Amino acid sequence: MAIDEEVKASFEVKRISPEGIPRAIEKADRYRLLNEPSDAESICLDILATDPDNQRALIILILAVSDQFGQRGFHVQRHDPKELLARVRDDYERAYYSGVVHERRAKATRSRGGHDFAAVDWFHKAMKSYEEAMAIRPPGNDDAVLRWNTCARIILHNRALQDSDPGDDQPYGD
């Protein structure tokens with residue numbers, strides 16, 4: 001059953017004030033930590049409606065969207081993570097969070113019974129993004145290294161993933 005225009009008009013989303021953005025960001029972070037990614041997503045959409053270039057809200061939105069990979073339930077809005085990532089200005093953060101999105105796709109693929117080769121492909125994409133991030137990381141920031149190592153260990157210690165490795169000639173070393 002489609003919602004008619006009159007009903008849609010009664011649900012017009014309200015805008016938050018620019019002064020409310022710092023508090024809204026705190027709430028979005030908190031809802032993510034409480035495993036309520038759709039609530040965090042909605043808050044980020046409110047922030048971005050008021051401040052379209054707010055990078056912190058954009059990153060939280062990317063994480064909230066990827067938190068929902070493989071989950072059933074209500075979605076606030078459909079997002080293409082590639083489009084969201086393209087809006088991230090910092091090259092390091094764009095590469096790092098691309099890796100996070102790919103890694104979460106791999107885990108969601110595996111957890112919902114998808115093909116192991118598809119999961120391995122997503123892990124490899126994640127590792128490639130993490131390598132891009134490592135090449136331009138700020139001094140003392142080893143986040144991409146930590147994530148790359150996690151992907152490597154998951155593949156190395158899960159026989160089904162090793163057997164499904166397409167065996168491409170892309171090295172994933174230092």
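Where is the place of Leu146? Select Leu146 and you land in helix H8. Helices here are DSSP runs of H or I with at least four residues, strands are runs of E with at least two, and both are numbered from the N terminus.

A quick word on what you're looking at. This is a predicted model, in which local features need pLDDT of at least 70 and side-chain atom pairs count only at pLDDT 80 or more, while totals for chains, interfaces and linings use all residues. Residues are numbered from 1 along each chain as its sequence is written, and side-chain values use heavy atoms, leaving out hydrogens and water.

**Stop 1: the whole chain**

Zoom out and colour by secondary structure. The chain exposes about 11100 Å², and carbon and sulfur atoms supply 50% of it (areas by the Shrake-Rupley method with a 1.4 Å probe; for residues, only the protein chains shown count as cover). Of the 174 residues, 37% count as buried. Buried means under 20% relative accessible area, exposed means over 50%, and partly exposed is in between, with a 1.4 Å probe and protein chains only.

Which residues touch is worth a look too. Of the contacts with a separation of 6 or more, 64% are between residues 24 or more positions apart; a contact means heavy atoms within 4.5 Å.

**Stop 2: the core**

Hide the surface and select Ile47, Ile62, Tyr96, Tyr97 and Tyr130. These have the most contacts inside the largest nonpolar core, which has 43 residues. (A nonpolar core is a set of buried Ala, Val, Leu, Ile, Met, Phe, Trp, Tyr and Cys residues joined through side-chain atoms within 4.5 Å.) Helices that each supply at least two residues to this core include H2 (21-33), H5 (81-86) and H6 (91-111). The largest share, 9 residues, comes from H4. In soluble globular proteins, nonpolar side chains tend to be buried together.

Stay on Tyr97 for a moment. Leaving aside residues up to four places away in sequence, Tyr97 touches Ile59, Leu63 and Leu85.

**Stop 3: helices side by side**

Two packed helices are described by the angle between their axes and the distance between the axes. Axes are lines fitted to C-alpha atoms, for helices over the stretch in contact, and angles run from 0 to 180 degrees between N-to-C directions.

Select H3 and H4. Their axes come within 8 Å and cross at roughly 150°, and H3 and H4 are therefore roughly antiparallel to each other. The cut-offs: under 35 degrees is roughly parallel, over 145 roughly antiparallel, 65 to 115 roughly perpendicular, and the rest oblique. Among the residues making the contact are Cys44 and Leu48 of H3, with Leu61 and Val65 of H4.

Next, pick H7 and H8. They pack at an angle of about 155°, with axes 9 Å apart, which makes H7 roughly antiparallel to H8. Show side chains and look for Phe123 and Tyr130 of H7, and Trp148 and Ile155 of H8, which are among the residues in contact.

**Stop 4: single residues**

Go back to Leu146. Is Leu146 buried or exposed? At 53% relative accessibility, Leu146 counts as exposed. From C-alpha to C-alpha, Leu146 and Tyr130 are 9.2 Å apart in space and 16 residues apart in sequence.

Now try His102 in helix H6. His102 is buried, with a relative accessible area of 19%. Not counting residues up to four places away in sequence, His102 touches Trp122, Lys125, Ala126 and Ser129.

Arg87 sits in the loop between H5 and H6 and, at 38% relative accessibility, counts as partly exposed. Its C-alpha atom is separated by 8.0 Å from that of Asp53, which is 34 residues apart along the chain. Setting aside residues up to four places away in sequence, Arg87 touches Leu48, Pro52, Gln55 and Leu58.

Last one: select Asn35, in the loop between H2 and H3. Most residues other than glycine have a negative phi. Phi of Asn35, however, is near 60°, a positive value.
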